[in-house]
Amino acid sequence: MKCLNFSSAFALVLAITCGCDALWKDDISTGMNLMFDEEMYMTTKSLADIPDTNRFILRVNDAAGKSVYEGKYGDSPERIMVSPGSYTVSVMSGEFGEPRFDAPIFGDSQVVTVAGSVPASVHLLCRQMNAGVRLKISPDFLGSYPHGALLLKGGDGELLYSYSERRIAYFRPGCVSLMLTNDGHDEVLMSRVLEAQDVLQINISAPSSVAGKESISIQVDTARNWRTENYVLGGDSDLGGDISSALSVAEARKAAGLTGVWVRGYIVGGDLSSSNASFKGPFSSRTNILLGPRSSSAEKSTCLSVQLKQGSVRDALNLVDNPGLLGSEVFLKGDLVESYYGIPGIQNISEIKKL
C-alpha cells in the first residue's frame, strides 16, 4: 500500500510544544562552554515529557571524527578545551533502536567552526527525533473483532497494540503501517509516512454488525497533546512539590522563597565562606556543602549553597565524614533562600535521596 505523507499537519503544533534549547558559546581565552537554556527547558517541559537535561548524552567530535567528549551532559566539564577547527556537537535524551512504548527521544546536532580569535556559537534546538502513534479503539471494533490483534509495523520492527493499550508507540521516522490480524489473516488497514516530531492518534471503529474491511472506519487525529486540566485560583503551586518535579540548581537559584521543595543537583564542594568555596578535598567543615548543576561544576556563582543542620542530614551529607559523596547526584527537600554564604541556597532540609 502506498504511504501518504501527512507531516505538514504537525509542523505548527510541534514547533511550539517540542523544543528545548541548548546554547554553545566559545570563550576564546579558556575554551568552549555548553549549557541548556533552563527557562526555555522548563517552559517546554510543562508541555511535553522531556527527560532531565543532566542525563542527555553529549557528544563532541572533531573534523576527523575523533571524540573530544562523550558522556552525560551532567558529567561534562564546564569548559572543553579545543584547538581551532570544525567540531560536530550533538545532544540526545537517549538512544533509540527498535520501536518502543513511551520512548520519545529529543536532540539535535550541528557543526561549529572555532577560530583562534573569532568567537563561535551554535544554537541547538532539541526537538523530538522519532515519531509516535497512539490508537484509540472503540467498543464496537472490539465487538466485531474479539479475537483480532492490531500491529503497528515500522522499518525497524513492530509492536503489538493490545485493545487495552493507552501508551504512545514510538518509531524511527518513516513508513508505519497499521495491521489487523484476524482468524489467521493479516491485513494492512493503512500506512502513513511519519516525520520526526509527529505523534499520530488513530481512532478505530467498526460500526457495522458484520465484521469486514468495509465496516472499519479510521479517523486520523493530528493533535500532539491530550490533556485535562483543573486550575484552582489561589491554589498552591506544585513546582518542586514532589521529587518527580524537583527543581534543577539553576531553577532553584531563581526561586527564593519557596518552602518544602525538592531540588536535584551534584555535590561539588564545601567549606563555604562569603567569597570562596572549596571544590577539592580534604574538607574541614561539616556545616555546609555546595550543590552544582553538573558533577564537574567548579564555579561558586553557578551553584546552590546548602545548610547542613546538626543531625541526620549533616551526618549523611557532610564531606568531612563522607568524602566519597563528592561528585554524586542527590535530591534535597528544603526551603530556598536568596542568600546563604553569598549565593542562593537551600536550608532546613527535611528529606534527602542519594543516587
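R286 and D321 form a salt bridge in which the closest N and O atoms are 2.9 Å apart. The model is a predicted one. The two partners come from distant parts of the chain, 35 residues apart. R286 belongs to the loop between β18 (261–270) and β19 (288–292), whereas D321 lies in the loop between α5 (312–317) and β21 (329–340).

Both residues fall in the range between the cut-offs of 20% and 50% relative accessible area. R286, with a relative accessible area of 38%, is therefore partly exposed. D321 is likewise partly exposed, because its relative accessible area is 44%.

## Other salt bridges

Across the whole structure, a search finds seven salt bridges. One of them joins the side chains of E70 and R59, with an N to O distance of 3.1 Å. This pair also links distant parts of the chain: E70 is in strand β5 (residues 67–72) and R59 is in strand β4 (residues 57–62), 11 residues apart.

E165 has a relative accessibility of 12% and so counts as buried. R167, in contrast, is partly exposed, with a relative accessible area of 37%.

## The largest nonpolar core

The largest nonpolar core contains 24 residues, and the members that touch the most others are L135, F141, L150, L152, L178 and I202. At least two residues of this core are supplied by each of β10 (131–137), β11 (149–154), β12 (157–161), β13 (169–171), β14 (174–182), β15 (185–194) and β16 (199–205). The largest share, four residues, comes from β10.

What does L150 contact, beyond its neighbours within four places in sequence? The residues in contact with L150 are L135, I137, F141, L159, L160, Y161, Y163, L178, M179, L180, L189 and I204.

Strand β14 is the place of S177. Is S177 buried or exposed? Its relative accessibility is 14%, so S177 counts as buried. Leaving out residues up to four places away in sequence, S177 touches L151, L152, K153, V188, M190 and S191.

Technical notes. Residues are numbered from 1 along each chain as its sequence is written. This is a predicted model: local features need pLDDT of at least 70, side-chain atom pairs count only at pLDDT 80 or more; totals for chains, interfaces and linings use all residues. Side-chain values use heavy atoms; hydrogens and water are left out. A nonpolar core is a set of buried Ala, Val, Leu, Ile, Met, Phe, Trp, Tyr and Cys residues joined through side-chain atoms within 4.5 Å. Buried means under 20% relative accessible area, exposed over 50%, partly exposed in between (1.4 Å probe, protein chains only). Contact means heavy atoms within 4.5 Å. A salt bridge is a side-chain nitrogen of Lys or Arg within 4 Å of a carboxyl oxygen of Asp or Glu.
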